Amino acid sequence: KQFCFTGGGYFRLFNFFFIEQAVKRNDYNMFYFHPRDLDKKQPKIKIHNLLRRFRTYVGINNSKNKFKKLIKNNKFCSISQFDKYFNWSEAEIKNI
């Protein structure tokens with residue numbers, strides 16, 4: 001089985017179509033977010049390093065709408081809900 005694990009900067013960087021296709025192709029999807037990943041009105045920090053500034057703010061203006069669309073179009077649950085549902089004794093272990 002395949003899974004998709006993403007959030008934060010990658011979620012903000014990739015367009016919605018790409019994310020939606022990845023979700024549909026995988027058996028398991030996990031996303032993680034910091035509140036700042038969805039808040040375009042957050043105070044801007046003066047960052048001189050261009051790469052760091054890009055990673056911090058890329059896609060911030062559309063991330064909340066993208067998140068809402070992702071939630072509307074798919075079924076998700078919390079990790080605690082998944083823990084009750086999933087049989088961990090049968091989980092395949094992957095060494096990475």
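The chain comprises 5 helices and 2 strands (DSSP runs, H or I of at least four residues for helices and E of at least two for strands, numbered from the N terminus). The elements follow the order β-α-α-β-α-α-α from the N terminus. The model is predicted: local features require pLDDT of at least 70 and side-chain atom pairs pLDDT 80 or more, whereas totals for chains, interfaces and linings use all residues. Residues are numbered from 1 along each chain as its sequence is written, and side-chain values use heavy atoms, without hydrogens and water.

Mean pLDDT (the predictor's confidence in each residue, from 0 to 100) is 88 for the chain, with 95% of residues at 70 or more. Among the elements, the lowest mean, 69, belongs to strand β1 (residues 3-7), and the highest, 94, to helix α4 (residues 63-73).

The C-alpha trace spans about 50 × 30 × 25 Å along its principal axes. Of the contacts (heavy atoms within 4.5 Å) between residues at least 6 apart in sequence, 69% join residues at least 24 apart.

Of the 96 residues, 28% are buried (under 20% relative accessible area; exposed is over 50%, partly exposed in between; 1.4 Å probe, protein chains only). Residue L13 lies in helix α1 and, because its relative accessibility is 42%, L13 counts as partly exposed.
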